[in-house]
Amino acid sequence: MPLRRAMYFLWHFMQPVLVGVIGADIDFKNWSLSRFGLYCTCILIGLTTRCIVAILSTIKTHFSWKERTFIALAWIPKGTLQAALAPMTYERTTKENPEQIELALDVVRISIVAIVFLAPLGAIVMMISGPILLNKLSMEEHERERRLSYFRIQSLQPIRTRRRKTSIPTELS
């Protein structure tokens with residue numbers, strides 16, 4: 001429990017710092033509108049692919065089509081990886097390959113656009129679509145599902161059979 005509390009505090013402290021580090025080296029005055037459209041196009045292609053993969057990865061599950069749709073929508077606000085890797089890309093490029101600095105800036109700018117727009121958009125989409133797409137289970141239904149899942153797990157266990165002790169015939173004297 002103390003470790004969990006420490007990690008909770010650390011994450012809530014580090015998340016804004018991590019996002020703030022991204023914008024520290026970027027001058028927002030140099031952004032062109034045509035490049036911004038390219039960034040948005042890249043993000044839309046990524047979102048479309050992510051939603052398709054989310055739906056396809058849940059096909060052989062017991063989820064309904066509404067739940068699958070919600071899973072795909074819940075994947076929209078993912079930006080932690082971009083927040084962590086984009087500054088590293090920029091820093092590494094400035095040290096090792098300065099002629100590629102514009103490409104590194106594009107990576108950082110795409111991550112900024114993804115984080116700034118997708119985090120609030122994803123939260124809004126989840127708040128609106130959650131009550132529409134997800135059904136709330138009653139306590140009886142929840143208990144029934146729990147018991148059924150236990151039986152499913154038990155049915156996958158190997159059957160244990162008792163081995164009978166066989167008596168080894170001994171010579172009678």
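Are R92 and E96 buried or exposed? Both are exposed, meaning over 50% relative accessible area, whereas buried means under 20% and partly exposed lies in between (1.4 Å probe, protein chains only).

This is a predicted model, where local features need pLDDT of at least 70, side-chain atom pairs count only at pLDDT 80 or more, and totals for chains, interfaces and linings use all residues. Residues are numbered from 1 along each chain as its sequence is written, and side-chain values use heavy atoms, without hydrogens and water.

**Salt bridges**

The structure holds 5 salt bridges, each a side-chain nitrogen of Lys or Arg within 4 Å of a carboxyl oxygen of Asp or Glu. Three of them are among these rows.

| Pair | N to O distance |
|---|---|
| E91 and K95 | 3.2 Å |
| R92 and E96 | 3.3 Å |
| R109 and E102 | 3.6 Å |

E91 and K95 both lie in helix 4 (residues 80-96), 4 residues apart. Helices are DSSP runs (H or I, at least four residues), numbered from the N terminus. E91 is partly exposed at 44% relative accessibility. K95 is exposed at 64%.

**Helix 3 and helix 5**

The axes of helix 3 (residues 65-74) and helix 5 come within 10 Å and cross at roughly 170°. Axes are lines fitted to C-alpha atoms over the stretch in contact, with angles from 0 to 180 degrees between N-to-C directions. The two helices are therefore roughly antiparallel, a term for angles over 145 degrees.

Terms used:
Parallel < 35°, antiparallel > 145°, perpendicular 65-115°, else oblique.
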